[in-house]
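Reader: I should like to learn how one reads a protein model step by step. May we go through this one together?

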Amino acid sequence: MVDEWARQAQTGSQEAFIEITRHFEKELYTYCYYLIRDREETKDALQDIFIRAYRNIGDYRGDSPFSAWLYRIAYNHSMDVLKKKKRYQRIADRYQNEAKLFTYSEQESAVMELLDPLTPSERNLVLLKAVEQYTFEEIGQIMDRKPATLRKQYERIRNKLVQYKRNKGGQKIEANIRSSKAGY
């Protein structure tokens with residue numbers, strides 16, 4: 001059945017590709033999650049994988065099962081995500097080591113505390129949007145990601161930070177985060 005959907009999708013059937021997406025969504029999520037080990041990044045990766053598969057469906061030759069072709073895309077994309085994650089982590093670690101050499105103002109300390117619970121990728125997005133004030137389209141070009149994906153991720157990050165500050169009792173920063181919706 002899946003190979004039939006693949007053949008139909010190759011002829012332009014969006015319905016067939018939707019069926020493929022429904023069929024593989026949960027198992028690909030699980031597979032990618034165990035590679036990436038981050039729920040939000042896995043969700044984003046899964047979207048990117050299906051987009052990549054849709055754009056390249058014409059490259060599927062049918063000499064192996066469609067699932068193998070799709071899993072190869074998922075594996076390669078997950079490895080790319082991990083490489084980027086590792087690269088961001090090295091940059092963040094280097095930055096933290098250099099940052100220890102400087103003393104921070106109260107405002108800078110508050111920003112550092114706010115960024116602390118975020119992953120390197122999340123910090124990057126927050127810094128580009130909130131500090132550097134790039135648009136999501138510009139950030140998409142920088143990070144090689146879809147603007148819509150970045151908007152969703154940014155909203156999840158904001159909610160994560162609000163929850164983090166609630167748990168730490170930081171009502172002032174929560175108000176600042178909520179007011180940043182104007183720039184959304």
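This is a predicted model: local features need pLDDT of at least 70, side-chain atom pairs count only at pLDDT 80 or more; totals for chains, interfaces and linings use all residues.

Reader: Where is the place of T42, and is T42 buried or exposed?

Author: The place of T42 is in helix α3. Residues count as buried under 20% relative accessible area. The value for T42 is 0%, and T42 is therefore buried.

Reader: What span should helix α3 have, and how far apart are its end C-alpha atoms?

Author: Helix α3 covers residues 39-55, which makes 17 residues. At 1.5 Å a residue they should span 24 Å. The end C-alpha atoms agree with this, as they are 24 Å apart.

Reader: What is the relative accessible area of D44?

Author: D44 lies in helix α3. D44 counts as buried because its relative accessible area is under the cut-off of 20%. The value is 4%.

Reader: With which side chain does the side chain of D44 make a polar contact?

Author: Leaving aside neighbours within four places in sequence, D44 is in contact with R145, T149, Q153 and R156. For one of these, a polar contact joins the two side chains at 3.0 Å. The partner of D44 in that polar contact is R145.

Reader: Where is R37, and is R37 buried or exposed?

Author: The place of R37 is in the loop between α2 (14-36) and α3. Its phi is near 65°, a positive value in a residue other than glycine. The relative accessible area of R37 is 65%, and the cut-off for exposed is over 50%, so R37 is exposed.

Reader: How many helices and strands does the protein have?

Author: From the N terminus on, the elements run α-α-α-α-α-α-α-α-α. The secondary structure therefore comes to 9 helices and 0 strands.

Reader: Which residues of α8 are buried?

Author: Helix α8 has 22 residues and reaches 31 Å from its first C-alpha to its last, close to the 32 Å expected. The buried residues of α8 are T149, L150, Q153, Y154, I157, R158, L161, V162 and K165.

Reader: At what angle do α7 and α8 pack, and how do the residues of their contact divide?

Author: Helix α7 (residues 136-143) and helix α8 (residues 147-168) pack at about 105°, with their axes 8 Å apart. That angle makes α7 roughly perpendicular to α8. The contact is made by F136, E137, I139, G140 and M143 of α7 and P147, L150, R151 and Y154 of α8. These residues divide into 6 nonpolar, 1 polar and 2 charged.

Reader: How do the residues of the contact of α6 with α8 divide?

Author: The axes of helix α6 (residues 120-131) and α8 come within 10 Å and cross at roughly 100°. The two helices are therefore roughly perpendicular to each other. Their contact is made by S121, E122, L125, V126, K129 and A130 of α6 and L150, Q153, Y154, I157 and K160 of α8. The division is 6 nonpolar, 2 polar and 3 charged.

Reader: What percentage of the residues of the protein count as buried?

Author: The protein has 184 residues. With buried taken as under 20% relative accessible area, the residues that count as buried come to 36%.

Note on methods:
Residues are numbered from 1 along each chain as its sequence is written. Side-chain values use heavy atoms; hydrogens and water are left out. Axes are lines fitted to C-alpha atoms, for helices over the stretch in contact, and angles run from 0 to 180 degrees between N-to-C directions. Helices (H or I, at least four residues) and strands (E, at least two) are DSSP runs, numbered from the N terminus. Angles under 35 degrees count as roughly parallel, over 145 as roughly antiparallel, 65 to 115 as roughly perpendicular and the rest as oblique. Contact means heavy atoms within 4.5 Å. Ala, Val, Leu, Ile, Met, Phe, Trp, Tyr, Cys and Pro count as nonpolar, Asp, Glu, Lys and Arg as charged, and the others, Gly among them, as polar. The expected span of a helix is 1.5 Å times one less than its number of residues. Buried means under 20% relative accessible area, exposed over 50%, partly exposed in between (1.4 Å probe, protein chains only). A polar contact is a pair of N or O atoms within 3.5 Å; within protein, one must be able to donate a hydrogen and the other to accept it, and residues adjacent in sequence count only if both atoms are side-chain atoms.
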